[in-house]
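The stops below are meant to be followed in order.

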Amino acid sequence: MSDSSTLRPILRIQFPGEHRLGHGKIELLEHIRATGSISAAGRAMDMSYRRAWLLIEELNGMFREAVVSSQRGGKQGGGAQLTPFGEELLSRFRTMEKNTLAAIRPDFDWLEAHRSPPSED
């Protein structure tokens, strides 16, 4: 469902207060997993290192366990990785997305069948 001309639901979970968990933070986690770097993950999303770091700090503060662990640069070099909890969070969020789509599939198909075709700009 990655085609931009196809409808797609987007799951976002609102935590009490101002914290949210959604597609952007989950994508950032996937990039950290793939690159081992917060800065590389941010670049992959056209995001500054500072913005990526702030999002990771927010994620780590939303849960009892850290989502991402990081090591500052230096002789050994820096890096970041998902914690076991972060891996579980990522997996569960993607499962929630699939389950959500499965639950609304008939209504979603109805929307798709009745929407106007995308304009060709």
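Buried means under 20% relative accessible area, exposed over 50%, and partly exposed in between, with a 1.4 Å probe and protein chains only. This is a predicted model, in which local features need pLDDT of at least 70 and side-chain atom pairs count only at pLDDT 80 or more, while totals for chains, interfaces and linings use all residues. Residues are numbered from 1 along each chain as its sequence is written, and side-chain values use heavy atoms, with hydrogens and water left out.

**Helix 1**

Helices (H or I, at least four residues) and strands (E, at least two) are DSSP runs, numbered from the N terminus. Select residues 23–35, which are helix 1. Its 13 residues reach 18 Å from the first C-alpha to the last, close to the 18 Å expected at 1.5 Å a residue; the expected span is 1.5 Å times one less than the number of residues.

Now colour Lys25, Ile26, Leu28, Leu29 and Ile32, the buried residues of helix 1. They lie on the same side of helix 1, because they cover an arc of only 155 degrees around the axis. That arc is taken from the directions from the helix axis to the C-beta atoms.

What covers these buried residues? Among the elements in contact (heavy atoms within 4.5 Å) are strand 2 (20–22), helix 3 (49–62) and helix 4 (84–114). Just after helix 1, stop at Gly36, which takes a positive phi of about 70 degrees.

**Strands 3 and 4**

Next show strand 3 and strand 4, which run antiparallel and are joined by four bridges; two strands pair if DSSP finds at least two bridges between them. Gln71 stands opposite Gly79 in strand 4.

**Salt bridges**

A salt bridge is a side-chain nitrogen of Lys or Arg within 4 Å of a carboxyl oxygen of Asp or Glu. The whole structure has seven of them.

Select Glu87 and Arg33, whose closest N and O atoms are 3.1 Å apart. Glu87 is partly exposed at 30% relative accessibility, as is Arg33 at 46%.

Move to Glu88 and Arg92, which meet in a salt bridge at 2.6 Å, N to O. Both lie in helix 4, four residues apart, about one turn of the helix. Is Arg92 buried or exposed? At 53% relative accessibility, Arg92 counts as exposed.
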